[in-house]
Every structure is written in C-alpha cells, then in structure tokens.
Amino acid sequence: TAQLQNPETPSVAQLAPALPPITLPNPAAPAPSMVARAASRLFISTEDSREVSGEYKLQDGQLNERPAWKKVRSEDKPMYLFWTPRQCGRWIFTSEPDEETVCVRSLQVAWTALPEELCGGWVKAKFGDRGAKERVCILRV
C-alpha cells in the first residue's frame, strides 16, 4: 500500500540534520545539591567494626561523582567512606579505594542519599558475600 504524503511536509530524513542530538541525563550523577550538603566531618560508631568507628573528614574533590570521607586517625590502615556504583550504588567503608576490600557496606541502594541519610541497614561483608548485619550510627559533626 502506498502512503500518501503531503508534498509540503518534510520527511524525517530531511528533518534529521536540523534536529539537535538528544542528551539524556546521567542517572548515576548526583544532583549538585548532594555535594553541596555533604558534611565536612562525620562521626561513625559501630558495635563490632572498631576499624570503622571514628571521626571522618570530607576529602577535597569527589570519588565516583560523590563526596568521600577519610578517617582522621587510623591505627593500622587508612579508612575511607565513599559511594560506589557497584550493586546499583552503595556506600562503603574500606581501607582500599579500589573497592575490593570492603569492611562494611550499606544494604540500601543510595543514588541520591548521603550516608547519614540512609534508613536501611549495613552489613559487614565484601561484595558477593552475605555477611552479618552491622549497626552503624553516622552523625554529622
């Protein structure tokens, strides 16, 4: 069947070069307000993970397009708190920024929430391990 086309109506092929490219927002990128509202210091308290407990200072710059904190005093290894896109986006405490040596990680997926805003639990486990629930209290200082 032949399609009727109004000779005055341009075809899609004629319009295509004139249309600007469509740019979709990056769903992994946080809103600028997330970075702006990040606390300069956090105090972390846990029951079992003594290496995680302590005061954390906001680091200059960002990691994975989110704020990141480093523990002020660390007995053995440095300890970091930052967001990772793994498993749909989680906050993790780790001694290695390569994300493989996770000490404690959030159970709640967190695309737009800062760590102290999470309502879900935390688990003491690497990615892929079930681990044990960990009570984590995060306070803005």
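How many aromatic pairs does a search of the whole structure find? The search finds 3 aromatic pairs. Here a pair means rings of Phe, Tyr or Trp (for Trp, its six-membered ring) with centres within 6.5 Å; planes under 30 degrees apart count as stacked, over 60 as edge-to-face and the rest as tilted.

**Before you start**

The model is predicted: local features need pLDDT of at least 70 and side-chain atom pairs count only at pLDDT 80 or more, while totals for chains, interfaces and linings use all residues. Residues are numbered from 1 along each chain as its sequence is written, and side-chain values use heavy atoms, with hydrogens and water left out.

**Whole chain**

Show the cartoon. The protein has 2 helices and 9 strands. From the N terminus on, the order is α-α-β-β-β-β-β-β-β-β-β. Helices (H or I, at least four residues) and strands (E, at least two) are DSSP runs, numbered from the N terminus.

Now switch to the surface. The protein exposes about 9300 Å². Carbon and sulfur atoms supply 54% of that area. Accessible areas come from the Shrake-Rupley method with a 1.4 Å probe; for residues, only the protein chains shown count as cover. Of the 141 residues, 35% count as buried. Buried means under 20% relative accessible area, exposed over 50%, and partly exposed in between (1.4 Å probe, protein chains only).

Contacts come next. Among those between residues at least 6 apart in sequence, 40% join residues at least 24 apart. A contact means heavy atoms within 4.5 Å.

**Stop 1: the aromatic pairs**

Return to the 3 aromatic pairs. Select Tyr 56 and Phe 93. Their ring centres are 5.7 Å apart and their planes stand at 70 degrees, so the pair is edge-to-face. Tyr 56 lies in strand 2 and Phe 93 in strand 5 (residues 90–94), so the pair ties together parts that are 37 residues apart in sequence. Tyr 56 counts as buried, at 0% relative accessibility. Phe 93 is buried as well, with a relative accessible area of 0%.

Select Trp 69 and Trp 91. Here the ring centres are 5.9 Å apart and the planes are at 55 degrees, so the pair is tilted. Trp 69 belongs to strand 3 (residues 69–71) and Trp 91 to strand 5, so this pair ties together parts that are 22 residues apart in sequence. Trp 69 is buried, at 0% relative accessibility. Trp 91 is buried too, at 0%.

Tyr 56, Phe 93 and Trp 122 form one aromatic cluster.

**Stop 2: Ala 132, beside Trp 122**

Which residues does Ala 132 touch, not counting those up to four places away in sequence? Ala 132 touches Trp 122, Val 123 and Lys 124. Ala 132 lies in strand 8 (residues 132–134). At 46% relative accessibility, Ala 132 counts as partly exposed.

**Stop 3: Leu 58**

Go to strand 2 (residues 54–58), where Leu 58 lies. Leu 58 is partly exposed, at 26% relative accessibility. Leaving out residues up to four places away in sequence, Leu 58 touches Ala 38, Ala 39, Ser 40, Pro 67, Ala 68 and Trp 69. Now pick Val 72. The C-alpha atoms of Leu 58 and Val 72, 14 residues apart along the chain, are separated by 9.7 Å.

**Stop 4: the loop between strands 2 and 3**

Select Asn 64, in the loop between strand 2 and strand 3. Asn 64 is not a glycine, yet has a positive phi of about 55 degrees. At 29% relative accessibility, Asn 64 counts as partly exposed.

Glu 65 lies in the loop between strand 2 and strand 3. Its phi is near 65 degrees, a positive value in a residue other than glycine. Glu 65 counts as partly exposed, at 41% relative accessibility.

Select Arg 66 with Trp 83. Arg 66 lies over the face of Trp 83, at 3.7 Å from the ring centre. A charge sits over a ring if NZ of Lys or CZ of Arg is within 6 Å of the ring centre and within 35 degrees of the ring normal.

**Stop 5: a nonpolar patch**

Finish at the surface. Phe 43, Leu 139 and Val 141 form a nonpolar patch with about 270 Å² of accessible area together. Patches are made of residues with over 30% relative accessible area and no salt bridge: like charges are joined within 9 Å, nonpolar side chains (Val, Leu, Ile, Met, Phe, Trp, Tyr) within 5 Å. A salt bridge is a side-chain nitrogen of Lys or Arg within 4 Å of a carboxyl oxygen of Asp or Glu. Phe 43 is found in strand 1 (residues 41–46). At 39% relative accessibility, Phe 43 counts as partly exposed.
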